[in-house]
Amino acid sequence: MSLAARVENVQFRFGERPVLRGVSFTVARGESVGIAGPNGAGKSTLLWCLMGLLKPVSGSAQVFGRFAAVFQNPEDQLFMPTILEDVVLPLESRGIARDQARARALEALRAVALDHAAPRPGHQLSLGERKRAALAAALALEPDLLLLDEPTSELDPRSCRLLAGHLSRLPCARLIASHHLDFLAETTTRLLILDEGRIAAEGSTRELLADAELLLRHGLK
């Protein structure tokens, strides 16, 4: 099996407080995996370890190939005069010529149905549109693995459906950390339940989400 990511016995702590306690799993190329868990379970910390923004105390978090991330707050990724420039910037920073970067950026915005808004600044868009613009910035990088941290935070139901539709059509592997179980049911095939820094359950998204007792035990219901 060709892998997009591998996490082996990752432990992490903030000061003396353990956050991740020996987490291990893999993500296959093209696979969509969800991470669910209550607040404080360590979901975001785990993604940050995979991005290289945090260094585990022990163990390893590896990504094979290119990765891109969509953060919970789209303002962390949208700050240029237009969203087109927001999508172009990371491409140019990787040495891609401006004409090619612009073409790829427009293609990515078209993929999330935002090409009409390319000349507008992020602050003029709705939150759902800003989330999709941040997704376009990630997709333009043509990643092998897409990491998403609470992508539905503060979105209305229609925006969630639009985002789920876009994600479900992607060919790249996806690792989606969310407390929104319906969204994970639509966008992932395998689920990890993280609680108190440990993987408490792993398996088919559909099967785990049908286990009401499991969800209740781990603060997801």
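Guide: Here is a walk through the packing, from strands to cores to open space. This is a predicted model: local features need pLDDT of at least 70, side-chain atom pairs count only at pLDDT 80 or more, and totals for chains, interfaces and linings use all residues. Residues are numbered from 1 along each chain as its sequence is written, and side-chain values use heavy atoms, with hydrogens and water left out.

Start with strand β3, residues 32–36. Helices (H or I, at least four residues) and strands (E, at least two) are DSSP runs, numbered from the N terminus. Of the 5 residues in β3, 5 are buried. Buried means under 20% relative accessible area, exposed over 50%, and partly exposed in between, with a 1.4 Å probe and protein chains only. Ser32, Gly34 and Ala36 point one way from β3. Val33 and Ile35 point the other way.

β3 has parallel partners. Two strands pair if DSSP finds at least two bridges between them. β3 pairs with β7 (residues 173–177) over 4 bridges, and serine 32 has arginine 174 as its bridge partner there. β3 also pairs with β8 (residues 190–195) over 4 bridges. In β8, leucine 191 stands opposite glycine 34.

Now the cores. A nonpolar core is a set of buried Ala, Val, Leu, Ile, Met, Phe, Trp, Tyr and Cys residues joined through side-chain atoms within 4.5 Å. In soluble globular proteins, nonpolar side chains tend to be buried together. The largest core here has 49 residues, and those with the most contacts inside it are Leu109, Leu135, Leu146, Leu167 and Ile193. Helix α4 (residues 127–139) gives the most to this core, with 7 residues. Apart from this core lies another, of 27 residues, among them Val10, Val33, Leu47 and Leu175.

Isoleucine 193 deserves a stop. Contact means heavy atoms within 4.5 Å. Leaving out residues up to four places away in sequence, isoleucine 193 touches residues including Ala36, Ile199, Leu208, Leu214 and His218.

Next, helix α2, residues 83–93. Its buried residues are Ile83, Leu84, Glu85, Asp86, Val87, Val88 and Leu91. Their cover includes α3 (98–111) and α4. Just after α2, glycine 95 takes a positive phi of about 90 degrees.

Last, the space. On a 1 Å grid over the protein atoms alone, a cavity is a set of points where a 1.4 Å probe fits but cannot get out; a pocket is an open set with protein on both sides within 12 Å along at least five of seven lines; lining residues have an atom within 4 Å of a point. Grid points are joined across faces, edges and corners, and a volume is the space filled by probe spheres set on the points.

The largest pocket holds about 320 Å³ of space. Of its 14 lining residues, the closest to its centre are Ala69, Phe71, Gln77, Pro90 and Leu141. β5 (67–70), α2 and α4 each supply at least two residues of that lining.

The second largest pocket holds about 240 Å³. α3 gives the most to its lining, with 4 residues. Arg104, Glu107 and Cys172 are among the lining residues.

The structure holds 1 cavity of 30 Å³ or more. Val70, Lys131, Leu148, Pro151 and Leu163 line the largest cavity.
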